Amino acid sequence: MNILLFGSGGQVGWELVRTLQPLGSVHAYDFPAADFSRPETLRQMVRGINPQVIVNAAAHTAVDRAEDEPELSQLINAESPAVLAEEAGRTNALLVHYSTDYVFDGTKPDAYSEEDEPNPLGVYGRTKLAGEKAIAASGCRHLIFRTSWVFGARGQNFLKTMLRLADGRPELRVIDDQHGAPTGSRMLAEATTAVLNRISVMQESAWNAGVYHMTCSGVTSWFGFTRTILEEACRLGLLKEAVVPKLIPIATHEYPLKAARPANSVLSNEKLRKTFGISMPAWDVCVRQVIDELTLHTEQSRAE
Ligand SMILES: NC(=O)c1ccc[n+]([C@@H]2O[C@H](COP(=O)([O-])OP(=O)(O)OC[C@H]3O[C@@H](n4cnc5c(N)ncnc54)[C@H](OP(=O)(O)O)[C@@H]3O)[C@@H](O)[C@H]2O)c1
């Protein structure tokens, strides 16, 4: 199987390069070799490789910067995925794409299902939703995995920011009134690969193209996420307990940001479980795994 992967340098893409290997030949591209701000240039790349599966992990993920760059965000998050969908449709290839909890406004009191009406609060969510709609409208075979609060050992993310800020500050003020499921990038790549494996032995009629929620299980706030990050970092020796700051829970309005975020980001994974038999692990298991990996890296670089 020929697999074309975009966004191979990102958090999820980097993990996919490894997890997709057993499925076939992985042709992995990142910016600038593949430039999603120039959607039409992607056609030749797809045609040159003629993949059976296109996996798109590229995106404009800077939620606040997107408010100042709506055109760029639209090109990367909506128009380029639309071109990939057209190209997939031409050859009956499967397009695997990722989307976000930020398509919702967060006013629902419990977990969002795929049936719930999106209502994004900002440019990032709006452009990601436009990407989802363009893919669905193309009629190509597709899977859109909506995920949330992605973190991993590689790339920029909340976990790494908190570890950096924790080292040397007396206190850390963290938002405690937004709830969601932190999701490990490795787990996302592994679950994506498991779905592709499952599809290869399923009847085409046993699954439907469309949106599937794919997040770690469990719920926390950014404050709860931070507490677990720091506890695990101390336990594994990545941080010294003596330097760990006092954690102070705050409300969203006490930490104003350019883009509004949903207060409830929790997504139900029921459809993923029922269709593909895949259960996602708890978010804190992924925190442990990432801190473990970062500790190992630190020990290795000290030894060199
Ligand atoms: N991060 C989250 O918290 C989160 C939450 C929900 C959903 N998601 C979704 O999950 C998917 C994977 O996200 P991630 O966390 O892995 O994102 P990421 O780490 O920001 O990676 C995004 C990738 O896209 C690439 N990219 C940016 N601009 C590009 C352009 N003009 N042309 C081509 N590639 C470009 C980046 O390259 P450079 O590194 O060179 O910029 C990077 O390799 C995305 O669809 C995202 O919307 C993420």
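**Figure 1. Packing of helix H1 (residues 11-19) against helix H6 (residues 185-201) in the predicted model.** The axes of H1 and H6 come within 8 Å and cross at roughly 50°; axes are lines fitted to C-alpha atoms, for helices over the stretch in contact, and angles run from 0 to 180 degrees between N-to-C directions. Helices (H or I, at least four residues) are DSSP runs numbered from the N terminus. H1 is therefore oblique to H6, a class left for angles that are not under 35 degrees (roughly parallel), over 145 (roughly antiparallel) or 65 to 115 (roughly perpendicular). The crossing is right-handed, that is, the near helix is turned clockwise from the far one by less than a right angle. From H1, Gln-11, Val-12, Glu-15, Leu-16, Arg-18 and Thr-19 meet Ser-185, Arg-186, Leu-188, Ala-189, Glu-190, Thr-192 and Thr-193 of H6, where contact means heavy atoms within 4.5 Å. By class, four nonpolar, five polar and four charged residues form this contact (Ala, Val, Leu, Ile, Met, Phe, Trp, Tyr, Cys and Pro count as nonpolar, Asp, Glu, Lys and Arg as charged, and the others, Gly among them, as polar).

**Figure 2. Helix H5 (residues 158-166) against helix H9 (residues 283-303).** The two axes come within 12 Å and cross at roughly 55°, which means that H5 is oblique to H9. H5 passes H9 in a right-handed crossing. Leu-159, Lys-160 and Leu-163 of H5 make the contact with Val-287, Val-290, Ile-291 and Leu-294 of H9. Six nonpolar residues, one charged residue and no polar residues take part.

**Figure 3. H5 against helix H7 (residues 222-235).** These helices pack at an angle of about 65°, with their axes 10 Å apart, and their crossing is right-handed. Phe-158, Leu-159, Met-162, Leu-163 and Ala-166 in H5 meet Trp-222, Phe-225, Thr-226, Ile-229, Leu-230 and Ala-233 in H7. The contact has ten nonpolar residues, one polar residue and no charged residues.

Figure 4. A polar side-chain atom of Asp-30 lies 2.9 Å from a ligand oxygen atom. A backbone N or O atom of Ala-59 lies 3.1 Å from an oxygen atom of the ligand, and one of Ala-34 lies 3.4 Å from a ligand nitrogen atom.

**Notes.** Residues are numbered from 1 along each chain as its sequence is written, and side-chain values use heavy atoms, with hydrogens and water left out. In this predicted model, local features need pLDDT of at least 70 and side-chain atom pairs count only at pLDDT 80 or more, whereas totals for chains, interfaces and linings use all residues.

How values were computed
Helices (H or I, at least four residues) and strands (E, at least two) are DSSP runs, numbered from the N terminus. A polar contact is a pair of N or O atoms within 3.5 Å; within protein, one must be able to donate a hydrogen and the other to accept it, and residues adjacent in sequence count only if both atoms are side-chain atoms.
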